[in-house]
Amino acid sequence: MGKVVIIGSGPAGVSAALYARRGGAEVTVFSKGLSLSGLEKAEKIENYYGLSEPISGAELHARGIEGAKKIGVEFVEDELLSLMFNESFTGFKVTGKKHELEADSVIVATGAARQSLPIPGVKEFEGKGISYCATCDAFFYRGKTVAVVGAGAYALHEARALLPHAAQVIMLTNGADPVPEVPPEIRVCTAKIAVIDGDKRVEKIVFTDGTSLSLDGVFIALGTVGSTAIAKKIGARLEGNHIKIDAHGATNVPGLFAAGDCTGGLLQIAKAVYQGAEAGLSAVKYLRTK
């Protein structure tokens, strides 16, 4: 029938996998594992259908994955770097640090929204020099000096996306050690950031030691890629920090669906499982008509 890749192994992602697989699709769940799931923080779950005794989030997560594996769902553990269309624009390409997967349909079930930088200037300059998507906005910084805030693989991926456009790309690790693969053409600065400053747009970053760095744009790429960045890069509409979907889990991008906390609303397992089921069924229906 076709291949569905689901990004996220929480309740929404695993529920989507169960329904898509039973619908006849080849299904792969792409996830970094439990460490980034909201379930990890749940010591006891007592308000879920069918559970007479409390259960930990970790155990519920493990049971879900076990059930999905039994019916043939494949799980790939990796850090997501990007979701794009494939070369022929007939499907999607999911890229991680170690794997690259092709898919006819993708379901985003990554949980809550992107990670930001809690310092003065970030909120004030969003859309005025502060960006969360190098692929989307690199064109606007041709011949200019830009910085990427982050120290991991995702930050490096964003910095590399800026290299063909910007005159200079600087990785600001904010005190953290950068990944070892940073190429020499990307400057690395490990100083702690105090404030992002400017007049009508970003003009400079001031560090806690009193020094400053003049630049034209700042790209936030902390931790791993978030749901809003995934959606924006592929052209999906957002509602605030959430992915906009219809009643069947479909985004405005054909073949792209979303479910769970990344769509906003009630942040509960019951809602995530329902939306995952809806998205899984919708993906199967899409493949049948493709």
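Modeller: Let us start with accessibility: a residue is buried under 20% relative accessible area, exposed over 50%, and partly exposed in between, with a 1.4 Å probe and protein chains only. This is a predicted model, in which local features need pLDDT of at least 70 and side-chain atom pairs count only at pLDDT 80 or more, while totals for chains, interfaces and linings use all residues. Residues are numbered from 1 along each chain as its sequence is written, and side-chain values use heavy atoms, with hydrogens and water left out.

Colleague: By those cut-offs, is Phe89 buried or exposed?

Modeller: Phe89 is exposed, because its relative accessible area is 64%. Its backbone also deserves attention. Most residues other than glycine have a negative phi. Phe89 is not a glycine, yet its phi is positive, at about 60°.

Colleague: Where is Phe89 found?

Modeller: Phe89 belongs to the loop between β4 and β5. Helices (H or I, at least four residues) and strands (E, at least two) are DSSP runs, numbered from the N terminus. Two strands pair if DSSP finds at least two bridges between them. Strand β4 (residues 80-85) and strand β5 (residues 92-96) are joined by five bridges in the antiparallel sense. Within this pairing, Met84 stands opposite Lys93 of β5. The hairpin has six residues between its strands.

Colleague: How should I read a helix, taking α1 as the case?

Modeller: One begins with its span, whose expected value is 1.5 Å times one less than the number of residues. Helix α1 (residues 11-22) has 12 residues and reaches 17 Å from its first C-alpha to its last, close to the expected 16 Å. After α1 comes Gly24, with a positive phi near 110°.

Colleague: Which residues of α1 are buried, and what do they pack against?

Modeller: The buried residues of α1 are Ala12, Gly13, Val14, Ser15, Ala16, Ala17 and Ala20. Contact means heavy atoms within 4.5 Å. The buried residues of α1 pack against several elements, including β1 (3-7), β2 (26-31), α2 (57-70) and α6 (269-289).

Colleague: How is the packing of two helices described?

Modeller: Two packed helices are described by the angle between their axes and the distance between the axes. Axes are lines fitted to C-alpha atoms, for helices over the stretch in contact, and angles run from 0 to 180 degrees between N-to-C directions. The axes of α1 and α6 come within 7 Å and cross at roughly 35°. From α1, the residues that meet α6 include Ser15, Ala16 and Tyr19, and among their counterparts in α6 are Gly276, Ala277 and Gly280.

Colleague: Why is α4 described as largely enclosed?

Modeller: Helix α4 (residues 153-162) is largely enclosed by the rest of the structure because seven of its 10 residues are buried. Among them are Tyr154, Leu156 and Glu158.

Colleague: In what order do the strands of the parallel open sheet run?

Modeller: Its five strands have the order β3-β2-β1-β7-β18. β3 and β18 (256-258) stand at the edges with a single partner strand each, so one side of each lacks a neighbour in the sheet. The twist averages 20° from one strand to the next. Three bridges join β7 and β18 in the parallel sense, and Val108 has Ala258 as its bridge partner in β18.

Colleague: What is the order of the open sheet with three strands?

Modeller: The order is β12-β13-β14, with antiparallel pairing. Five bridges connect β12 with strand β13 (residues 202-207), and Asp197 has Lys204 as its bridge partner in β13.

Colleague: How many disulfides does a search of the whole structure find?

Modeller: A disulfide is a covalent bond between the sulfur atoms of two cysteines. The criterion here is a pair of cysteine sulfur atoms within 2.5 Å, and the search of the whole structure finds zero. Cys189 counts as buried at 15% relative accessibility, and Cys262 is buried with a relative accessible area of 1%.
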